[in-house]
Structure formats: structure tokens, C-alpha cells
Amino acid sequence: MISSIKGTKDILPPEVKKWQLIEKIARETFELYGYKEIRTPIFEATELFEKGTGETSEIVIKEMYTFIDKGGRSITLRPEGTPGVVRALIEHRLYLKSTPLRFYYIGPMFRYDKPQKGRYRQFHQIGLEVFGEEDPAIDAEVIEIVDFLLKRLGISQIEILINSIGCKKCRPPYLEILKVEAEKHKKELCPDCQRKVYTNPLRIFDCKKEKCINLADNFPKIIDYLCNECKEHFSKLKNYLNLYGIEYRVEPKLARGLDYYTKTVFEFISKKLGAQDAVLGGGRYDDLVKIFDGPSLPGIGFAIGAERLISLLPEEFEEKEDLLYIAYLGDEAKKETLSILRFLRKKNIKCIAEFKDKNLKNQLSRANKLNAKWVLIIGEDELREKKYKLKDMEKGIQKELNKEELVEELTKKL
Ligand code: AMP
């Protein structure tokens, strides 16, 4: 028997329903904020990630799925979405268009990491990128979008961590100070962190080993070495988040694993996830477009781990379908039902009635099973009055409406 590759998994029904739902709600949410979908290839030139994700990142050092294709080119299965989006932005000169440079993507990513709970070799990210906005108001909005999305999905008990990791002016002198301090403790650090002392000491803060965590607690933190511009940017970000009423915690040790971040970095974590506690991570990358010989365009984005997001969905999570179920009582009501079905379908309203069960109670329970958002009840009284009972199954509200009012109500809500 041939089985699936380690670190990959099939998404089978009925679980796939959850995937369709989170993808749908994410799309709706991002579109609501003016973002447009972008789809880039799953494989790219290896150099794109070496240059973008960064040669000192753990992803590039250890986790890339790289192979030589039949034409002798080095190809890599994308480990993250941002470099591909940046490449497309430059290649198609999207920045010359007048539309806002706000994109989202949904798709599989590949990292050759040790598989464990919450960490796979093929996993999925739902991500978003904004270009051309320097103002911290956009940093706050990007964080607010995720907060909004998680609330829509009914996910609670999430902690938002934020930090600033400075810019190309204030980070290099800080890194020197950090390096000196880390060097003093080099022998006590794990082999990976010993290497990081020279390649990128900021990465030591990402290490999950207890000894390194304890040592790093006492290392100098970038937040205390920010230049005035970065300090002001961060302080404004906090003010905007306060304005939104979003709770957050400043985590001076939050460094994030990728090379390209500048200023704002953030993570949403949940205790329910166990060791791999980050649902999503993101940050600003003001120099990345330039690194790829594009124009000087600042950027900011995040990527949500879809597998982790799904594992946090509340058990009862199930969105009602935009469907109207007509339940009727008696032969006359049945005739009226047929005519109303035709009338509503012409108005593009998704509706059904079933004819095998004459009992009203059973029809209502069928509506429930089908997850209908609305039920229309037509009985003798309703026929006489030409007013029908419309029941909102989510909110439990009931209204009496004539045909025209019905269309108005349904097109408003559906
Ligand atoms: P990153 O691109 O590393 O910042 O990751 C962003 C998010 O993707 C993380 O917060 C996780 O939710 C998710 N993620 C990253 N790597 C994996 C993986 N190997 N398996 C599953 N989810 C992952």
C-alpha cells in the first residue's frame, strides 16, 4: 500500500466543510476591508526565498523543499507567501496601477520540518499583504482585521503580542551589542543558537529551549534601542490599537523567524495550541521590495496557519447556509408554496421546500438539518392574511411579511 508522505495529510469530508467555511469567511472579511485575492505559483526559483525569506532564517537554512528540475534550475516549493507576492508585484508592475496594493492569498506552503502536532510539511496559510503604506495606522488595521476575523469565527482566548524590531538604522548597532552579550554566554547556548550569535543573534529569542530562553531573558532587547522614528512608529501603533479597543501585550523578545521584518512584528497566540502556540505571525517589511530591485515601497503582512486556526474553531461552529426553507401546512398552502418558490428564485433567492413530509414539525426539523438560515411558514392563517411568518434561525426572530416585504428582507440579509 502506498501511503501519504510524512508531514502531509488528507482533508476529508466532513472536515473539509470547515476548510471551505474558514476560507469563505476569510475571503469575505478581507474583501470587506478592500483586499483582492492574488494567486502565485506554488514553486518559485530558490533564489527568491534565499533573498527574500533570508539566508539566515531557519526556513532557508533547514526547511526548504528544494530540487533541481529537468532544465537544471533550482526550484523550491514555497515555504511562505510573501516573497512570491512581492515578485509578482514587481514583475507585473502592479504598483503603477491606481488600485490599492492590498492583497490576500490562501494556499499550501511547504517546510521540511520535524512533523509534530501543529507542525506539518505541507500546511496552509491564509495571508495578507499591503504595500505603499508607511503609517502605523495600517499596522493597526492589519492587526484589527485578524481580530475581526477571529471574532467572526468565534475564536476566543487569543493573546496578541507586538514588538518593534527597528529598522536598518537602529538594528545593526543594537545587534552588535546583543552579539557581545550573547558571545559571553556562547558556551551555555544550544548549538543552533551558538551559530546564531554570528549569523543573526536576534534569532536566539526564537529558540524554544529552556536554557536559551532563560539566558535570552537577560539579553538586551531591541525595544530599548530603537531610533526616534521607530519609537514613534511603535508608540502610534499602540495608540491606534487602543483606539480600536484591541488588547495586546508588548513582548520585547518577539523577533519572528524571517529576515525581512522591520519595525512592527506581531503574533497571535493561543494556549489551546500547546507547544506550537502561534496561530499567526506577521510584520512590516519596508525594505523587501527594494531588495528585489523594485521601487521603494514599504509593506506589511501576516500569515495565519489554517490548520491551527481550524483546531481552534468552537465545536458548534457551523455557519447557516444562505437558504430559505419553506414549511407549509395543507394543500392550499402547498400551492402557494410552489408559487412563492418560483417568485423568490426569480429574485435570485436560494430557497427550497420538500414535499414528502406533511407534518410542520418535521419540516422545521429538516430546515434545521439542512442548516437553513431562514424558514418561511405558510399555514391557513398566513394564506388568508397573505402575510407569511419568516423565522431567522440564527437569531430566533420572527417577522410577518407579505411577498414584497419578504424579498426586501431576504435580499437585505442573505
Ligand atoms: P510564519 O510564516 O513562520 O510566520 O508562520 C505563520 C503561521 O503559519 C504560524 O503562526 C503557524 O500558524 C503557521 N505555520 C508555520 N509553519 C507551520 C507548519 N510547519 N505547520 C503548520 N503550520 C505552520
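How far apart do the C-alpha centres of domain 1 and domain 2 lie?

1. The C-alpha centres of domain 1 and domain 2 are 44 Å apart. Domain 1 covers 15-170 + 226-312, and domain 2 covers 324-413. These bounds come from an automatic or database domain assignment.

2. This is a predicted model: local features need pLDDT of at least 70, side-chain atom pairs count only at pLDDT 80 or more, and totals for chains, interfaces and linings use all residues. Residues are numbered from 1 along each chain as its sequence is written, and side-chain values use heavy atoms, with hydrogens and water left out.

3. The protein has 15 helices and 16 strands. Both are DSSP runs numbered from the N terminus (helices: H or I, at least four residues; strands: E, at least two). Of the 414 residues, 50% are buried, meaning under 20% relative accessible area with a 1.4 Å probe, protein chains only.

4. Helix α5 (residues 136-152) packs with helix α9 (residues 228-244) at about 45°, the axes being 8 Å apart. Axes are lines fitted to C-alpha atoms over the stretch in contact, and angles run from 0 to 180 degrees between N-to-C directions.

5. Which residues of α5 and α9 make the contact? From α5 come Pro 136, Ala 137, Asp 139, Ala 140, Glu 141, Ile 143 and Glu 144. From α9 come His 233, Lys 236, Leu 237, Tyr 240, Leu 241 and Tyr 244. Contact means heavy atoms within 4.5 Å.
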